[in-house]
Amino acid sequence: MRMLTKIPKQFYFFLAAIFILNLIQSNFTQLIFDEAYYWYYSQQMAWGYFDHPPMVALMVKISSYFFDGELGVRFISCLLSTINILLLWLMIDSSKKNDYITHFFVLVFSMTLLNAYGFFTLPDTPLLFFTSCFLLTYKHFIKNQSLSLAFLLGICMAALMYSKYHAVLVIFFVLLSNLKLVRNKHAWFAVLVALCCYAPHFYWLYDNDFVSIKYHLYERPNGAYSFEKYTLGFFVNLVAIFGLTFPFIYKALLKTKGSDLFNKALIYLTYGVIAFFFISSFNRRVQTQWIILICIPLVVIAFNYMLSNKQALTWIFRLGLINTVLIIYLRMGLAYQPLLFDFYYESHGNKEWAQAIKDEVGDLPVVFENSYRNAPMYSFYTNGTPTFSLNNFMYRKNQYSIDDSEEKVRGKDIAYISKYINDNSFSYERADGGLYKGKYISSFESFRKVECILDDQEVSLNSDKNLDLKIFNPYKKPIDLNKLKFAVTYMDGYKIPQQTIGIVLEAFEPNTLTLQSQDTTNFIFRLPKTKKENIGYFRLVISENNLLYGLNGKPIPVN
C-alpha cells in the first residue's frame with residue numbers, strides 16, 4: 001500500500017480518465033462476435049469450455065451482476081485493464097519516472113491492441129492482466145523468496161492458465177531466464193499451488209475427453225503455406241500492435257541488456273514469444289492477438305529506455321500522440337459506424353439484424369447453421385432467445401457441440417437460418433451486405449452428438465476390406481436408423497473438405513433398426529472410391545432428417 005501512496009496524483013487522474021473512457025466506450029459499442037460467444041459461455045458456468053479455459057466467462061458473469069447490456073459483459077475488462085496500467089507502472093524502478101507520467105500514458109495508450117483490450121472482453125484481456133500480476137510478483141520474489149510470495153506466484157500462474165492456454169509461454173520463458181529456479185524449493189511450492197488451483201480444469205478436460213486440446217492440436221483446419229499470408233503477415237502483426245512507435249520500441253528491446261534477473265525475464269519473454277510464433281508462422285496464420293503478450297514486457301523495456309534516451313523519449317511521445325489521435329477516432333467509429341465511411345466492423349449493426357429477425361420469427365428458437373458467432377449474438381440482443389449452432393462437415397466444432405443447447409430446440413418449431421438454404425421463406429440483408437436466409441421447421445430434430453468411432457488409425461484409399469465402425473448414441477432415447485444417412489467426407493492434407501460420398505452400413509446384429517440409447521452399435525462398411533487427388537484424411541458423417549451432414553467422426557489419415 002505504501003507504494004501506491006507514493007504515486008503522484010497526476011497518475012491517478014490519467015488512470016481515472018482512461019477507466020471512464022473505457023466505461024463509456026463499453027456502453028455505447030455493440031458487442032463483437034467473440035464477446036457474444038463468451039457471454040454465451042457465462043450463461044452456463046463451468047470449469048472449461050470448448051475453445052478456452054473459463055476465466056473470460058467468469059469475467060462476464062461478474063460484470064453481469066453490476067450492469068446489463070454491453071457494459072454487463074465488459075465492466076470487469078475495464079477494471080482489469082485499468083489496474084494493469086498501475087501494475088506496469090509499479091514494475092518500473094527508475095527514480096525519474098514521476099517526471100514523465102504523461103509520456104508513460106501516451107506509450108501505453110498508443111499500443112493498438114493493448115488499447116482495444118481496455119474494454120473488449122476476450123481471453124487476452126485477463127491474459128494481459130495476469131501476465132502483469134505474475135511479472136510484478138516475480139520481481140518481488142527474486143528479492144525475497146518467501147512462502148507468501150511463492151503462494152502468490154502460484155495463484156498468478158494458475159490465473160494465467162485459466163485465462164488462455166498459451167499463457168504457458170509466459171511461465172516457460174520466465175523460467176528459462178532463471179534456470180536456478182529448478183532447484184528452488186519456494187519455486188516448487190509455487191508450482192504446487194498452481195497445479196492445485198488448476199486441478200478443476202484438468203478434471204474438466206479429462207471428463208470432456210480433452211476436447212479443447214485435441215481440437216487446437218489435431219483437428220483444427222489449416223491451409224497451404226503462404227509466405228505473404230503466414231510469415232509476412234506475422235511481421236506485419238509485429239508492427240501493427242505498436243503502430244507508428246514500432247521502430248523505437250523494437251530498438252529499445254535491442255538496446256536493453258539483461259543486467260538483472262527481472263530485466264532478463266522481460267527480454268526472454270519478449271524474444272521467446274516472438275520466436276515461438278515466428279516458427280509457428282511456417283505452419284499456420286498467426287493471429288494478431290496471439291503475440292499481444294509482448295506488449296507487457298515491452299511497456300517496461302521501452303519506458304525505461306525512454307528515461308535514459310532523450311531521442312527515444314521525444315519520438316515515442318510524438319509518434320504515440322499521433323497513434324493516440326488515430327485510436328480515439330477509430331474507437332469512436334466502433335460505436336458510430338458513419339465515422340468509418342464504407343467500413344463495417346463486427347460491432348456494427350448486430351442489434352439491428354437481430355431485432356429484424358426477431359420481428360419476423362417472434363419468440364421461436366433460432367437455429368443458425370455453422371455459426372457459433374451469430375447464434376449467441378442473436379440471443380444476447382433478443383433477451384436470451386434460445387439458439388443453437390448446427391455445425392456441419394464444412395465447419396468446425398465449438399461450445400454448441402458439447403453443451404446442452406441442442407436439447408433446448410429439439411422437438412420444437414424453430415426458425416432455421418443458413419446460407420445453404422435455397423427455399424427460404426424470409427431473409428434480411430445487413431448494411432454491410434451480409435445476407436441471412438431463413439425458413440421455418442416444425443418439430444426440429446438433430447443428433448449432432450452421435451459419435452462415429454473407427455478403430456483403424458490409418459486407412460488405405462485403395463483397400464476393399466470392410467472397416468469396423470462403432471456408433472455411439474449419447475442421448476437418452478433411441479434413434480431410428482431411418483432418420484439417418486451416412487457418408488464419408490474426404491479432406492485434403494489441411495483437413496479442408498473435398499468430397500462427400502454416401503455409404504451404406506451393415507449392422508453386426510441382424511434386424512438392427514435403432515441406435516440404442518447411451519449405447520454403442522457395431523457396423524461394417526467399405527470406404528467409397530474417390531477420384532479426388534491429394535486426399536489426406538476422411539471422416540464419417542451423419543445426416544439426420546435430411547439436414548446437412550454433421551461432424552460425427554474424427555479426421556482419419558489415409559495413405
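A: We begin with a definition: helices and strands are DSSP runs, numbered from the N terminus. The model shown here is predicted. As a case of a residue placed by such a run, T131 is found in helix α8.

Q: Is T131 buried or exposed, and which residues does T131 touch?

A: Buried means under 20% relative accessible area. T131 has a relative accessibility of 0%, so T131 counts as buried. Leaving aside residues up to four places away in sequence, T131 touches L160, V170, L269, L293 and I296.

Q: How many helices and strands are there in the protein?

A: The protein has 19 helices and 15 strands. Its radius of gyration is 26 Å, close to the 24 Å that the globule rule gives for 559 residues, so the protein is as compact as a globular protein of that length. Along the principal axes, the C-alpha atoms fill a box of roughly 85 × 55 × 45 Å.

Q: What share of the residues is buried, and what share of the contacts joins residues at least 24 apart?

A: Of the 559 residues in the protein, 54% are buried. For contacts, the count takes residues at least 6 apart in sequence, and 72% of these contacts join residues at least 24 apart.

Q: How many bridges pair β7 with β13?

A: Strand β7 (residues 467–473) and strand β13 (residues 519–525) are paired over seven bridges in the antiparallel sense. As an example of a bridge partner, L469 has F523 in β13.

Q: Which residues lie on each side of strand β3, and are they buried or exposed?

A: In β3 (residues 414–417), I414 and Y416 lie on one side and A415 and I417 on the other.

Q: Which strands pair with β3, and in what sense?

A: Strand β1 (residues 366–369) runs parallel to β3 and is joined to it by three bridges. Within this pairing, A415 in β3 is the bridge partner of V366. Strand β5 (residues 435–441) pairs with β3 in the antiparallel sense, over four bridges. There, the bridge partner of Y416 is K439 in β5.

Q: What should I look for in the backbone angle phi?

A: Most residues other than glycine have a negative phi. Two residues may be read against that background. F210 is not a glycine, yet has a positive phi of about 50°. N383, also not a glycine, has a positive phi of about 60°.

Q: Where do F210 and N383 lie, and how exposed is each?

A: F210 lies in the loop between α11 (185–207) and α12, and is partly exposed, with a relative accessible area of 37%. N383 is found in the loop between α19 (374–381) and β2. The relative accessible area of N383 is 79%, so N383 is exposed.

Q: How should I read a cavity, and how many of 30 Å³ or more are found in the whole structure?

A: A cavity is a space where a 1.4 Å probe fits but cannot get out. The search finds one of 30 Å³ or more, and about 180 Å³ of space lies in the largest cavity. Its lining has 17 residues, of which S81, I85, L114, N115 and G118 are the closest to its centre. The largest share of this lining, five residues, comes from α5. By class, the lining has 10 nonpolar, six polar and one charged residues.

Q: What is the volume of the second largest pocket, and which residues are closest to its centre?

A: A pocket, unlike a cavity, is an open set of points. The second largest pocket has a volume of about 1100 Å³. It is lined by 39 residues, and D209, E219, K397, E451 and K554 are the closest to its centre. The elements that each supply at least two residues of the lining include α12 (211–219) and β14 (535–544). By class, this lining has 18 nonpolar, eight polar and 13 charged residues.

Key: Residues numbered from 1 in each chain as written. Predicted model: local features only at pLDDT ≥ 70, side-chain atom pairs only at ≥ 80, totals over all residues. Heavy atoms only, no water. 1 Å grid on protein atoms, 1.4 Å probe; cavity = no way out; pocket = protein on both sides within 12 Å on 5 of 7 lines; lining within 4 Å. Points joined across faces, edges and corners; volume = space filled by probe spheres on them. Nonpolar A, V, L, I, M, F, W, Y, C, P; charged D, E, K, R; others polar. Pairing = 2+ DSSP bridges. Buried < 20%, exposed > 50% of the residue type's maximum accessible area, 1.4 Å probe, protein only. Rg over C-alpha atoms; globule rule 2.2 N^0.38 Å. Contact = heavy atoms within 4.5 Å.
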